[in-house]
Amino acid sequence: MLGAILALSLCACGGDTTDPTANMTPEEIKATADANDLEIARSVWSAKQYVTRFEEEIQAMGTGGNSLSDVYEYAGDAEDFLLELSSRVDAVEMSGDIAETYRDNASGYIATVGVISMDIQDFIDTSDQGKLSSIKQNLSILPEAENMVNESRTAYLKDAGFTDEEIASRPQVDDNSEQ
């Protein structure tokens, strides 16, 4: 009985269970998905570039190209920027399981890169081998996390009406070119 009353009150109060795309044309749905996808994909691409740059910064230390303090400073800058990226992705308004899975996978990827940047700073501060293990572990899961982003992105775009050809022609997260 209580469940029925609760369900009825949600319906009567206009509970937020409606799909915002319900009143959109297929073209509007596709345009919205296009804008959402570009914001999310660019954010993931930017996070991926930080990983590449971490590797370059660490390699440059071995050749005398920079110092430990340079790596530390870069990790701090990355952490700040990754928080901004995460906020941008989280602010993208999406509804439905497929869309939310895409956004969540992207947020997870960015968060993992953020943890790497924090762990780099913590390792430099403390020489804690546990932080080094965490860095290695998180680096090892990034390829699968990226794969999850790409798969959920494809599902999201297909659900919004994009063809396989249109999806293939879009900038990819694993592109080496800037988006």
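Modeller: Rolling a probe the size of a water molecule over the atoms shows where empty space is left. Here, the second largest pocket has a volume of about 260 Å³. A pocket is an open set of points, on a 1 Å grid over the protein atoms alone, where a 1.4 Å probe fits, with protein on both sides within 12 Å along at least five of seven lines; lining residues have an atom within 4 Å of a point. Grid points are joined across faces, edges and corners, and the volume is the space filled by probe spheres set on the points.

Colleague: Which residues are the closest to the centre of the second largest pocket?

Modeller: Ile58, Ile120, Phe123, Leu132 and Ile135 are the closest, out of 15 lining residues. Two or more lining residues come from each of helix H2 (26-62), helix H3 (68-91), helix H4 (97-126) and helix H5 (129-159). H2 gives the largest share, five residues. The lining divides into 13 nonpolar residues, no polar ones and two charged ones. Ala, Val, Leu, Ile, Met, Phe, Trp, Tyr, Cys and Pro count as nonpolar, Asp, Glu, Lys and Arg as charged, and the others, Gly among them, as polar.

Colleague: What is the origin of the model, and how are residues numbered?

Modeller: This is a predicted model, in which local features need pLDDT of at least 70 and side-chain atom pairs count only at pLDDT 80 or more, while totals for chains, interfaces and linings use all residues. Residues are numbered from 1 along each chain as its sequence is written, and side-chain values use heavy atoms, with hydrogens and water left out.

Colleague: How many helices and strands are there in the protein?

Modeller: The protein has six helices and zero strands. Helices (H or I, at least four residues) and strands (E, at least two) are DSSP runs, numbered from the N terminus.

Colleague: Which residues touch the most other members of the largest nonpolar core?

Modeller: A nonpolar core is a set of buried Ala, Val, Leu, Ile, Met, Phe, Trp, Tyr and Cys residues joined through side-chain atoms within 4.5 Å. Buried means under 20% relative accessible area, exposed over 50%, and partly exposed in between (1.4 Å probe, protein chains only). Of the 35 residues in the largest core, Phe54, Tyr109 and Val113 touch the most other members. H2, H3, H4 and H5 each give two or more residues to this core.

Colleague: Is Thr154 buried, partly exposed or exposed?

Modeller: Thr154, in helix H5, is partly exposed, because its relative accessible area is 30%.
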